[in-house]
Amino acid sequence: MWAEVDAGHYDLNTCLREAIVVFKSFLIALPEDQLGAFQNAVREQSQFDEPASLLAPVFRHRRMTAIAGE
């Protein structure tokens, strides 16, 4: 099972690294006069203004499920 977790971690890490390279390439290719508009769009979309009812924790405290072999 650990080999599968390790392989999944490797794949996920590789995808993340590739996404970072693509994003950096995008930022370099973005015309300078559009950089401010892009920055403002990112700031607007990263604002979190959901109602307080949605801020309730998704996970509740409970006992862990027993896993075979542990």
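This is a predicted model: local features need pLDDT of at least 70, side-chain atom pairs count only at pLDDT 80 or more; totals for chains, interfaces and linings use all residues.
Student: What share of the protein chain do buried residues make up?

Tutor: Of the 70 residues in the protein chain, 1% are buried. The chain exposes about 7,400 Å², and carbon and sulfur atoms supply 61% of that area.

Student: By what is a pair of aromatic rings described?

Tutor: The present structure holds 3 aromatic pairs. One of them is formed by Phe-23 and Phe-38, with 6.5 Å from centre to centre and 45° between the planes, a tilted arrangement. This pair links distant parts of the chain, since Phe-23 belongs to helix 1 and Phe-38 to helix 2, 15 residues apart.

Student: Why is the pair of Phe-26 and Phe-38 edge-to-face?

Tutor: Planes over 60 degrees apart count as edge-to-face. The planes of Phe-26 and Phe-38 stand at 65°, with the ring centres 5.2 Å apart, and the pair is therefore edge-to-face. Because Phe-26 lies in helix 1 and Phe-38 in helix 2, this pair ties together parts that are 12 residues apart in sequence.

Student: Which residues form one aromatic cluster?

Tutor: The cluster consists of Phe-23, Phe-26 and Phe-38.

Student: Why does Phe-23 count as partly exposed?

Tutor: The partly exposed class lies between the buried limit, under 20% relative accessible area, and the exposed limit, over 50%. Phe-23 has a relative accessibility of 43% and therefore counts as partly exposed. Phe-26, at 36%, is also partly exposed, as is Phe-38, at 25%.

Student: Which residues make the nonpolar surface patch?

Tutor: Phe-23, Phe-26, Leu-27 and Leu-35 make this patch, which has an area of about 330 Å². Helix 1 contributes its largest share, 3 residues. A patch residue must have over 30% relative accessible area. Phe-26, at 36%, is over that limit.

How values were computed: Residues are numbered from 1 along each chain as its sequence is written. Side-chain values use heavy atoms; hydrogens and water are left out. Patches are made of residues with over 30% relative accessible area and no salt bridge: like charges are joined within 9 Å, nonpolar side chains (Val, Leu, Ile, Met, Phe, Trp, Tyr) within 5 Å. Accessible areas come from the Shrake-Rupley method with a 1.4 Å probe; for residues, only the protein chains shown count as cover. A salt bridge is a side-chain nitrogen of Lys or Arg within 4 Å of a carboxyl oxygen of Asp or Glu. Helices (H or I, at least four residues) and strands (E, at least two) are DSSP runs, numbered from the N terminus. Buried means under 20% relative accessible area, exposed over 50%, partly exposed in between (1.4 Å probe, protein chains only). Rings of Phe, Tyr and Trp (its six-membered ring) pair if their centres lie within 6.5 Å; planes under 30 degrees apart count as stacked, over 60 as edge-to-face and the rest as tilted.
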